[in-house]
Structure formats: structure tokens, C-alpha cells
Amino acid sequence: MTKTKVTKKDIAIWRYVAFGFCMWVGILSVCFSENISPDSNANLSQNTLNTKAISQESLASLLEEMSAINQEIAKSQATQNPNIQSLLKHKEVALQSFLSGIMDNAMPIGIDSTKNLKDQEVQEVLLIQSEITHDNLALALAKIHLYSLKLDENINNAIIALRKNIDFFSTKDKVLKIIKPYEDAINGFKHSFEEVNLNAESSARKASFHKENQAYSSKIATYIEVFGYISQHAQSILPQNMFLNISVEYILDKIAKILPTNHSNILISKIILSLCAFIVLWLCRRLIALGFIKCIDIAVRFVKHDRQIHSQIQKDIIKPISSILLFLSFDISLNILYYPSLTPPKFEVWFPIIYIVNFVWFLIIALKCYGIAFVSTLAKKSGGTLRKEVVNLILKIMYSIIIIIGGLMVLKTLGFNVSAIIASLGLGGLAVALAVKDMLANFFASVMLLFDNSFSQGDWIECGGIEGTIVEIGLRKTIIRTFDNGLVMIPNADLSNKSITNWSRRKEGRRIKMAIGLSYDTSVEQLQKCATEIKDMLLQNPKIAKDSESKQEMNYQLSFKKDIVSMNDLLGYKGSVFVVVDELADSSINILVYCFSKATSLGEYLQTKQEVILEIMKIVEKYHLSFAFPSQSVYIENLPNPIMLENLAKDTR
């Protein structure tokens with residue numbers, strides 16, 4: 001019996017499946033915790049039937065019906081009629097029908113603009129006549145009719161503006177911006193005519209007036225309620241959401257018909273549909289991401305020649321795309337479970353933020369992948385006319401712009417006034433900036449040091465005469481442990497304004513430099529042989545770095561940069577080997593030995609240097625040469641007479 005071998009890929013797949021299922025169960029739990037009960041969902045199919053019973057000849061007829069319902073509700077509240085709940089449900093269905101009809105061009109508005117303007121002119125004439133005759137009742141009725149016509153004109157213009165300006169790419173904010181002036185105008189028509197003196201009027205005229213006044217009050221209350229409903233459900237009238245709502249309603253109805261007759265059919269249909277939508281997007285997110293990358297590759301072809309680089313780019317860029325699709329599946333599942341209501345704002349507000357963060361992530365990775373490759377191609381074609389420093393600066397500026405715009409979009413989504421925030425950075429922030437100048441200087445210096453990546457914790461640096469290892473990078477100061485075990489705190493502003501030598505940013509190559517002093521009795525031939533053999537010894541030593549050796553494999557981002565910057569200098573590779581007769585010194589002939597150890601740590605470096613010195617001593621001994629040391633030779637040109645020396649010696653005795 002053969003055993004099936006479980007690979008890491010299989011484990012990862014099952015881990016993804018388990019994670020996705022747990023997330024969907026979590027979404028379902030959240031919905032039930034928000035009181036999504038079978039009773040509240042059982043009304044969906046009934047509401048669908050009720051919608052057909054409501055007059056849908058035009059939007060104006062819907063408004064008239066809602067106004068009539070509001071009058072019935074007012075009467076029911078006065079008499080405590082138990083049918084008030086059914087009236088409220090009926091009105092909710094009418095509001096939903098009106099909302100869906102706003103963007104349905106096939107449904108007429110039902111308000112004749114030309115006739116409306118003519119009627120307004122007639123009422124204005126009657127208004128003037130009533131003022132001349134001092135007929136208070138006729139004056140009040142003329143005002144009621146005129147204001148009612150203006151209400152119709154206002155809502156007609158609002159619907160036309162929505163149909164004209166809302167497209168597939170519109171947002172909720174655009175809807176609110178369009179209806180805001182019309183909503184304000186509606187609120188300006190709130191007038192009460194109860195104070196009109198009717199004592200001298202007949203009962204018939206009084207009854208007619210009260211009827212017209214109640215109808216007007218109901219009408220203006222209905223119109224205000226409609227605008228409020230549009231504001232609350234502005235997301236629903238967007239074309240993309242209208243299409244989704246129609247599709248969801250159709251699919252839920254079909255699923256409910258397949259299931260056995262039960263009051264929970266709609267709830268079960270929602271769970272089935274949301275699970276199917278979640279599974280489809282969850283399983284297909286990688287395929288969708290790959291298809292998106294293929295579309296990018298059609299436009300960007302300069303990385304296809306290197307398959308390894310291309311596969312690395314795909315692996316990196318697929319992460320944010322998969323993340324966006326994952327959260328989109330959560331979003332759609334929530335919308336289906338809450339249908340026909342909208343997802344609660346406390347959940348809905350986080351999805352745009354997640355999309356913004358993932359989109360910024362995608363743009364940064366795309367810029368690092370394709371942007372650097374594109375600039376690298378330009379640098380090659382420019383023949384050296386495109387400065388590398390300018391290219392690097394442009395890329396860093398683009399990264400910063402993307403991050404700043406993403407941050408502002410997140411703040412705007414959370415409800416902050418971005419314009420006010422930007423304005424507050426002007427004169428208002430100047431006084432604060434002057435008061436905490438040093439603190440802000442250290443804070444922004446810490447930000448710049450982190451963005452510049454000048455050093456990291458554990459790096460060995462030298463700055464302003466201080467040398468040691470970075471312990472911690474704070475918002476105000478950086479802590480350094482010196483090699484004599486002292487702890488030094490340096491303000492970040494001082495660090496940012498001084499040159500920093502980072503000795504830890506070396507991949508390979510720590511310099512070994514020494515002068516080998518040989519005595520002057522060494523011949524030219526011996527010098528040449530000695531220098532040549534020392535160089536051969538260094539080239540054969542596996543612990544000595546060489547330029548000819550292959551370096552560590554670079555990732556695709558660095559491989560694109562090789563045409564923009566010097567990669568060996570950027571990464572910290574040094575492998576030069578020089579052994580030459582360098583100097584005729586006072587006491588010696590000096591041979592310069594200049595090379596780099598592969599190891600950069602102090603212990604391994606000293607060990608390598610010791611081995612090199614011992615090998616050099618063996619080579620010097622091999623050619624019977626001697627190391628020179630500082631010495632002086634004294635030459636006496638004229639010696640005194642021997643007899644004088646003898647007499648001098650006697651005198652000293």
C-alpha cells in the first residue's frame with residue numbers, strides 16, 4: 001500500500017482553505033450578532049411582491065403614494081391603529097422602489113417641467129390678486145399651491161441632475177454633493193399656514209383649506225424624507241450597486257424557489273449565495289491576479305527576456321492583488337448577507353481603507369518592479385546622458401508621493417477634513433513649530449534617517465568623532481554603545497547634519513593594507529620575484545576577496561539598478577588586489593600590499609590578516625631577504641694623525 005506524500009504546497013493550500021473558511025464563518029457570526037434573523041429576512045420575498053402592487057407608472061406617482069401613506073400613518077398614530085407597522089413596511093417598499101427608479105431611465109419622472117412653470121405663473125398672478133383684495137384664505141391657498149409646484153420642480157431637477165451626472169465611476173460623495181443644494185432648497189419651504197385667520201370664512205372654504213394644508217405638510221415631509229433616504233442609501237443608486245442589487249434579488253429568488261417551502265428560505269438563500277461568492281473569489285483570486293499581471297506584461301515587455309526576474313516580479317506583485325480580491329470577497333459576502341439593507345457603517349468604513357492600503361502597496365511594488373526596470377532601460381538608451389542621481393531622486397519622490405496621497409485618502413475616508421489638515425500646516429502650525437523647533441527637528445531627522453536607511457540597529461558607525469554600535473533609534477535620539485563600553489546618546493538632528501560612516505554596510509571586503517620594508521641590499525630580481533609571489537599567494541588564498549569572483553545573487557529590483565548605480569559600491573563588495581614596489585624609503589625598499597579579506601567581522605578579519613603576514617614572512621625567508629629596520633650609517637671622511645691620537649689618549653688618563 002503506497003503512502004501519499006504531503007508536500008509543503010499541499011499544506012499551504014489546505015491552510016489557505018481553512019483560513020478562508022474560518023473568515024467566512026466569522027463574517028456569518030458578525031451578521032447574526034447584528035440581529036439578522038429569519039423573521040427579518042422572511043419579508044424580502046413579500047416585499048418583492050408588494051413592490052409589484054405599488055404604482056410604478058412614474059416617480060411622481062410613487063411620491064404621491066408615499067405622501068398618502070404618511071397621511072395614513074399620521075391618522076393611525078392619532079388613533080393608535082395597529083396597522084401602522086404594515087403601513088411603515090409599505091412605505092419602506094415604496095422608498096426602495098423610488099430609489100431604484102431614480103437611475104432607471106425607462107421610468108418617467110412624471111413631472112412636466114413646462115406645465116409646472118406655467119402653473120407657477122398662474123399661482124403667482126393669483127397671489128398678487130389675493131394681496132390686492134386682502135383675501136387671506138385665497139392668499140394662503142395660492143402660496144400652498146405655488147410652494148407645492150416649486151417642490152415638484154426642485155425634486156424633478158434633482159432627479160435629472162442625478163441621471164445626468166452619475167456614471168459607473170461615480171462615488172457616494174458625488175451623489176451627496178449633487179443632492180445637497182436641492183435638499184437645502186426643500187428645507188426652505190417649511191411653512192406653517194395654521195395662523196391664517198379663518199373666522200370670517202365659510203365652513204366649506206375652511207375644510208378645503210385644512211385639506212390643502214394637510215396635503216402640503218404631508219408632501220413636504222415626504223420630500224424631506226425621500227432626500228434623507230437618498231443620502232443614507234447614496235451608495236445604492238450608483239450604477240454598479242444597482243446592477244448588483246438587481247442580480248442579488250434575482251438569484252436569491254431563484255434559490256428560494258429551489259429550497260423546500262419554509263419561512264427561512266431567504267436567509268438560507270443568502271448564506272448559500274454569500275458562501276458561493278466567497279469561494280469563487282477565494283479560489284479564483286490567484287487566477288485573476290495572474291490575468292491582471294498578463295495584461296501588464298502586454299504593455300511592459302522589457303523584463304520578459306529574463307524569466308527568473310519575471311517570475312520574481314509575478315510572485316511579489318501577486319500579493320497585493322490577491323489581498324484586494326480576498327477582502328473584496330468579504331465585502332461582497334457581507335453585502336449579500338445584509339441585503340436588502342446596507343452593511344452597517346462600522347463595518348463598511350473599513351473596506352475602503354483596506355482597499356486604499358492594498359492599492360498603495362500594489363503601486364509601490366509595481367513601481368519597484370516595472371518602474372525601476374523602465375528607468376534602467378531609459379538609462380541604457382540614453383548613452384550616459386541620464387544622470388543616475390536624478391533617476392534615484394525621481395524614484396524616491398514618487399514613493400513619497402504615493403504614500404502621502406494614500407495617507408490623505410485614508411484620512412478622508414475616516415471623515416477627516418483633509419483641506420483643513422493641510423491648511424492647519426500653514427500659519428497655525430508655524431507658532432507651534434517655533435515653540436517645539438528642536439523637538440520637531442529631532443523627530444523629522446529620525447524619520448529621514450529611517451527613510452534614508454543610513455543605518456540599522458546593530459550597525460557599526462562612526463559620526464562626529466563617536467564610534468560604536470547602534471543600540472536603538474528613537475524619535476528624539478539615537479543610542480550608541482562605544483567600543484570601550486560607553487553609552488552615548490546623540491540627538492537625531494546632529495546625526496542627520498553630519499557625515500556618517502557605516503562600517504557594517506559591507507557584504508564582502510575589509511581592507512588589509514601594509515608596507516613590507518626590505519633592506520637596500522635586495523636586488524631588483526629578488527624584489528620582482530618576491531612581489532609576484534606575494535600577489536600569487538593572495539590570489540590563491542580563499543579568504544581574500546577578488547574582483548573576478550561571482551558575487552551573491554541579486555534580487556530583481558537590484559538587477560534593474562545595475563545600470564543606474566554601481567552595484568559593487570552600493571552593496572559593499574571590494575576585491576582589489578595590488579602588490580607593487582611602492583617606495584624607496586630612508587631605511588628600506590617598501591612593497592605595498594593592498595587587498596581585502598572576505599570576512600568583515602573583526603575576529604575573522606584579524607585571523608585572515610595574521611595568515612597573510614605569516615605567508616609574507618615565509619616568502620621573504622624563501623628568497624633570503626631581510627626586513628629593514630630604521631638605522632643610520634656614519635661615514636668619517638678624514639681620520640686624525642695616529643701620534644695625535646696617542647697623545648690625546650695619554651692626556652685623558
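User: What makes β3 and strand β4 count as paired, and in which sense do they pair?

Analyst: This is a predicted model. Two strands count as paired if DSSP finds at least two bridges between them; β3 and strand β4 (residues 487–491) have 5 bridges and run in the antiparallel sense, so they meet the criterion. Within this pairing, Thr 478 stands opposite Ile 490 in β4, and the hairpin of β3 and β4 has 4 residues between the strands, with Asn 485 taking a positive phi near 70°.

User: How many bridges link strand β2 and strand β3, and what joins the two?

Analyst: Strand β2 (residues 466–473) pairs with strand β3 (residues 477–482) over 5 bridges in the antiparallel sense, and a hairpin through 3 residues joins β2 to β3. Here Gly 468 stands opposite Thr 482 in β3.

User: Why is α4 called roughly perpendicular to α8?

Analyst: The axes of helix α4 (residues 84–102) and helix α8 (residues 203–232) come within 11 Å and cross at roughly 65°. Because angles of 65 to 115 degrees count as roughly perpendicular, α4 is described as roughly perpendicular to α8, and the crossing in which α4 passes α8 is right-handed.

Terms used. Residues are numbered from 1 along each chain as its sequence is written. This is a predicted model: local features need pLDDT of at least 70, side-chain atom pairs count only at pLDDT 80 or more; totals for chains, interfaces and linings use all residues. Side-chain values use heavy atoms; hydrogens and water are left out. Axes are lines fitted to C-alpha atoms, for helices over the stretch in contact, and angles run from 0 to 180 degrees between N-to-C directions. Angles under 35 degrees count as roughly parallel, over 145 as roughly antiparallel, 65 to 115 as roughly perpendicular and the rest as oblique. A crossing is left-handed if the near helix is turned anticlockwise from the far one by less than a right angle, and right-handed if clockwise.
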